[in-house]
Amino acid sequence: MSRINYDLTKIKAFVFDVDGVLSADMVPLHPNGEPMRMVNIKDGYALQLAVKLGYTVSIISGGRTEAVRKRFAGLGITHIYMGSSIKINDYRDLLKETGLQPEEVMYMGDDIPDYEIMQEAGLPACPADAVPEIKEIATYISYRNGGCGCGRDIIEQVLRAQNRWMADEAFGW
């Protein structure tokens, strides 16, 4: 049974911030100045499974690191918004492009730039270590910190609620 107070059968899309959600909130810097990220393999498994099962999966990040784009594109994600200075604009573009309704979207963010989207998304969620303002408006706060499996947590709960978690597509990458 889910720990989320929302009708998870409505969800058709998963939208995520990157820094502080799909990667930890500590960003090491490469000697050339490029920010580097560590990502969670279990998050990656759940993201690619959601793509294979036909869900819309999207990344909306203020970051511009090409490695981030490559990682998520490699998981089959096609809706990747990088360098998003005002995230709500990219979120609304995603809805227009896909025909999704806000109540069909789960958005997971962790900090103030995510606030506006979380006010509009049907299921606003955040990692355990999100800032207080985000926790206040989140319908679900994962028991996992950013970069430590919070993406897997929310995707797994939605897929379980829709009886799709252990689908045939689950057994492989």
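Biologist: Let's start with Ile 154: is it buried or exposed?
Modeller: Keep in mind that this is a predicted model. Ile 154 sits in helix H6. A residue is called buried when its relative accessible area is under 20%. Ile 154 has a relative accessible area of 0%, so the word for it is buried.

Biologist: Which residue is the bridge partner of Ala 13 in E2?
Modeller: E1 and E2 are linked by four bridges, and Ala 13 takes part in this pairing. Its partner in E2 is Thr 56.

Biologist: Which residue in E5 stands opposite Met 108?
Modeller: E4 and E5 pair over three bridges. Tyr 107 has Pro 124 as its bridge partner in E5. For Met 108, the residue opposite is Ala 125.

Biologist: Which E5 residues point the other way from Leu 123 and Ala 125?
Modeller: In a regular strand, side chains alternate between the two faces of the sheet. E1 shows two covered faces, with Ala 13 and Val 15 buried on one side and Phe 14 and Phe 16 buried on the other. In E5, Leu 123 and Ala 125 point one way, and the buried residues pointing the other way are Pro 124 and Cys 126.

Biologist: Time for the loops! Which side chains make polar contacts with the side chain of Arg 37?
Modeller: Arg 37 is in the loop between strand E1 (13-16) and helix H1 (41-52). Not counting residues up to four places away, it touches Asp 19, Ser 23, Gly 63, Thr 65 and Val 68. Side chain to side chain, there is a polar contact of 2.7 Å with Asp 19, and one of 2.5 Å with Thr 65.

Biologist: What about Asp 114: is it buried or exposed?
Modeller: Asp 114 lies in the loop between strand E4 (105-108) and helix H4 (115-120). Beyond four places in sequence, its contacts are Asp 17, Lys 87, Tyr 107, Gly 109 and Ile 134. Its relative accessibility is 1%, so Asp 114 counts as buried.

Biologist: How far apart in space are Ala 128 and Ile 141, C-alpha to C-alpha?
Modeller: Ala 128 is in the loop between E5 and helix H5 (132-137), and it counts as partly exposed because its relative accessibility is 22%. Its contacts beyond four places in sequence include Ile 141, Ser 142 and Tyr 143. Ala 128 and Ile 141 are 13 residues apart in sequence, and their C-alpha distance is 5.8 Å.

Biologist: What is the phi of Asn 163?
Modeller: Most residues other than glycine have a negative phi. Asn 163 is in the segment after H6, and at 72% relative accessibility it counts as exposed. Although Asn 163 is not a glycine, its phi is positive, at about 55°.

Biologist: Last one: which helix gives the most to the lining of the largest pocket?
Modeller: The largest pocket has a volume of about 250 Å³. Its lining has 15 residues, with Arg 3, Tyr 143, Asp 153, Glu 156 and Gln 157 nearest the centre. By type, the lining splits into four nonpolar, four polar and seven charged residues. With six residues, the top contributor is helix H6 (residues 150-161).

How values were computed: Residues are numbered from 1 along each chain as its sequence is written. This is a predicted model: local features need pLDDT of at least 70, side-chain atom pairs count only at pLDDT 80 or more; totals for chains, interfaces and linings use all residues. Side-chain values use heavy atoms; hydrogens and water are left out. On a 1 Å grid over the protein atoms alone, a cavity is a set of points where a 1.4 Å probe fits but cannot get out, and a pocket is an open set with protein on both sides within 12 Å along at least five of seven lines; lining residues have an atom within 4 Å of a point. Grid points are joined across faces, edges and corners, and a volume is the space filled by probe spheres set on the points. Ala, Val, Leu, Ile, Met, Phe, Trp, Tyr, Cys and Pro count as nonpolar, Asp, Glu, Lys and Arg as charged, and the others, Gly among them, as polar. Contact means heavy atoms within 4.5 Å. A polar contact is a pair of N or O atoms within 3.5 Å; within protein, one must be able to donate a hydrogen and the other to accept it, and residues adjacent in sequence count only if both atoms are side-chain atoms. Buried means under 20% relative accessible area, exposed over 50%, partly exposed in between (1.4 Å probe, protein chains only). Two strands pair if DSSP finds at least two bridges between them.
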